[in-house]
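Dear colleague,

Please find the structure below. My notes on it follow.

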Amino acid sequence: MNLLKDITIGQYVPGESTIHRLDPRVKIALSAVLMVLIFVVESYIGFAIIFGFLLLVTLLSGIQFRYVIRGLKPILFLVLITVVFNLFFAKGTLVVPQKIYGISLPITWEGLATAVRMAIRLILLVFSTSLLTLSTSPIQLTDAMENLLAPFKKIGIPAHELAMMMTIALRFIPVLIEETDKIFKAQRSRGARFGRGGIIEKAKSLLPILVPLFVHAFKHAEDLAAAMESRCYRGGEGRTRLRQLKITALDGWAFLFCGIIFSFVAWWNFYGKL
Amino acid sequence: MSNNELTNTSDTPILRTENLCHVYQPGTPFEFAALNNVNIEIKKGEMAGIIGPTGSGKSTLVQHFNGLLKPTSGRVLVENQDINKREKKKRDKKSKDSEKPVCFKVGLVFQFPEYQLFEETVFEDIAFGPRNMELSPDEVNKRVYEAMEWMKIDAENMKDRSPFSLSGGEMRRVALAGVLAMQPSVLVLDEPTAGLDPRGCSELRDILRRLHSELNITLIMITHEMQEIARMVDHLIIMNKGEVYADGAPAEIFSNKEKIEALELGIPPAMELLNRLQQKGFNLKTNITGMEEAADEILKALK
Ligand SMILES: Nc1ncnc2c1ncn2[C@@H]1O[C@H](COP(=O)(O)OP(=O)(O)OP(=O)(O)O)[C@@H](O)[C@H]1O
Ligand SMILES: [Mg+2]
């Protein structure tokens, strides 16, 4: 048995595709625009075009569609809750006007429409962010974040420190997952049972995992701090980088292509409905 | 001091795998076939060694022995019972302790077992396993003290200390005692000496040898060190790329020199010496792994 094996959010799939080679800043910027668009769009044709666009990007990235979709599993529950809420709490004309056994079903056409739209939006949102993280390494992402945040340093946003924190956090997620898995297996070998009995017992049964996990997380933190200090890390001031971000012609084409599609979707949404 | 002759190996297989395959993360871009058609058999009372280059699937293999990993295909049999099947049957009957038999019959000690320490005192930590077996408090007590004695842990001074205040070598022994106290009939150790100083290594090896000869526990050890393992074990399994590369008695395996050298695992120094001497024209046997026996052989050749 393998603990946490289904966690794919934020898992980078290395590759050399067009999508992988795009500048991470361009990818983040375009993703941000796309997210706004997803929330602005009302028409199903707009959603269809965005979906088609994301399919195309998946194809270009060379990542299996099946694998991208797996990332949607964890949010299905969230989608369900949103749908239920939107379904029952909107005013308008009832779908079933007659009372059945004296109870009227409080579902309206308007509620149904919002619910469906919300579900589509959430799915598209997760689809597009998964594509971003699947095709961009965490290091590239944080580099790009630091770069994009740099102008805000003047108003007191510690861009470098934020990016460094993010890099470290992202770097240690797989390590901690692996360690949890290992400790879990070791304790199971000692006959530990998890998730049995009442809530107190359940919480207690987690101690054999949590205690070693925390001990080691602190140890990792200490080691890392020592390693950084012994290499004279002093924060972002005057630091040069090994990987320089460069905008290439490919990024220009990506901007152009996405610009056309995104503008068309926006135009259709506001003016195109006949 | 090879104790190959002292062991009382019987012919009954205690652990067997049949066409065992394991695929990690199937259906993802990270899919990886870590084990491929592994067929091995460990006899009761044997001291077996598993060796192989890094990433060859050794740890994956032993995690099947007590049911931590389920085979993608193939079977694992402990005392002639398919460990994964039996569990299912019991679960159907709604038995509570579906995992009890396998998990307690085969004790698995992971690489760097100090990772598993968590209790407030050494005593409590060693008692964790036996308590999970739902033994009586007296029995738990008895087993903990026995395990401490076996692992050469000074019970009086150590039992009330926090396991986190111990030295690395002490932690390792406490962790091993924790598994030993469950009195498994098969003890599997994943790189038991990794990260210990030379003295700690040889002490631990002596303890393991005594466990094997005096308690007649079946021992399975994973290791990187060809030198040491070759003279300790009476059954050696070499893994490579998820497959069994060689399987048999060490002397037998080392007689095929080219095959072993191809893996670059190193050859026991005694054997290396005998090989070189043979190349220089001495007439002697080369399939000897222990230093003392090698010395005898050289003396014989010089006469
Ligand atoms: N959870 C996992 N997901 C994917 N691949 C894995 C996982 N665990 C191990 N592997 C891969 O399976 C292969 C075998 O791993 P295993 O840990 O069994 O090797 P090993 O022989 O014990 O190596 P070592 O001597 O370094 O301990 C390795 O290539 C490893 O990368
Ligand atoms: Mg290993």
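A backbone N or O atom of B:Gly55 lies 2.9 Å from an oxygen atom of ligand 1; a polar contact is a pair of N or O atoms within 3.5 Å, and within protein one must be able to donate a hydrogen and the other to accept it, while residues adjacent in sequence count only if both atoms are side-chain atoms. This is a predicted model, in which local features need pLDDT of at least 70 and side-chain atom pairs count only at pLDDT 80 or more, whereas totals for chains, interfaces and linings use all residues. Residues are numbered from 1 along each chain as its sequence is written, chains are lettered from A and ligands numbered from 1 in the order in which they are written, and side-chain values use heavy atoms, with hydrogens and water left out.

Polar side-chain atoms also approach oxygen atoms of ligand 1: one of B:Thr54 at 2.4 Å and one of B:Lys58 at 2.7 Å. Taken alone, ligand 1 exposes 640 Å², of which the protein buries 69% (Shrake-Rupley method, 1.4 Å probe; for residues, only the protein chains shown count as cover).

Ligand 1 lies between chains A and B. Around ligand 1 are 15 residues (each with a heavy atom within 4 Å of it). B:Thr54, B:Gly55, B:Lys58, B:Ser59 and B:Thr60 come nearest. By class, this shell has three nonpolar, ten polar and two charged residues (Ala, Val, Leu, Ile, Met, Phe, Trp, Tyr, Cys and Pro count as nonpolar, Asp, Glu, Lys and Arg as charged, and the others, Gly among them, as polar).
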